[in-house]
Amino acid sequence: LTATAAELGERVSGAVQHAVTELLASGELERHVRRMRHEYARRRAAMVAALSGLTGDTAGMHMVLELPPGSAAAVAAAASERGVEVATLDRYFAGPPAREGLVLGYGAADLAAVSRGCQVIAEILAGVPGARGAGAPR
């Protein structure tokens with residue numbers, strides 16, 4: 001067992017193991033997970049309501065906002081100027097991108113920040129020819 005542990009590299013400290021054991025035994029970890037699932041669902045719903053053209057809204061902590069060709073970099077730059085950071089979809093392709101868009105994450109932002117970010121993006125999209133507007137049917 002000691003040899004296997006050495007091969008695996010660093011181990012988790014006893015204090016951390018004890019803390020996790022207490023979280024499991026008390027049920028607090030389960031309560032926390034339940035609260036966070038609800039909170040993430042609220043953030044996801046706010047994004048879906050605010051922006052049309054979103055895909056990937058059924059799982060994960062990110063969604064893709066599809067955009068007209070040639071517009072993602074400009075939309076991302078405009079959003080960044082207004083304090084909203086997003087990634088362009090092209091960086092997730094190994095070769096030439098098959099689609100154009102933005103990757104929007106909501107795991108690290110609270111509901112107010114997600115709502116504000118979506119509002120900023122919707123305002124920017126209003127000036128992008130061919131982009132789907134805020135709240136438009138999908």
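Modeller: The chain carries 14 positive and 14 negative side chains. The centres of the two sets lie 6 Å apart. Lys and Arg count as positive, Asp and Glu as negative; His and the chain ends are left out. Each charge is placed at NZ of Lys, CZ of Arg, CG of Asp or CD of Glu.

This is a predicted model: local features need pLDDT of at least 70, side-chain atom pairs count only at pLDDT 80 or more, and totals for chains, interfaces and linings use all residues. Residues are numbered from 1 along each chain as its sequence is written, and side-chain values use heavy atoms, without hydrogens and water.

Now the sheet. The chain has five helices and four strands. Both are DSSP runs, numbered from the N terminus: helices are H or I with at least four residues, strands are E with at least two. From the N terminus, the order is α-α-α-β-β-α-β-β-α.

The four strands form an open sheet, ordered S1-S2-S4-S3, with antiparallel pairing. Strand S1 (54-55) and strand S3 (87-88) are at the edges with a single partner strand each, so one side of each has no neighbour in the sheet. Two strands pair if DSSP finds at least two bridges between them. In general, strands of a sheet pair through backbone hydrogen bonds.

Look at S2 and S4. Strand S2 covers residues 62-66 and strand S4 residues 101-105. They pair in the antiparallel sense over five bridges. Within this pair, Val 64 has Val 103 of S4 as its bridge partner.
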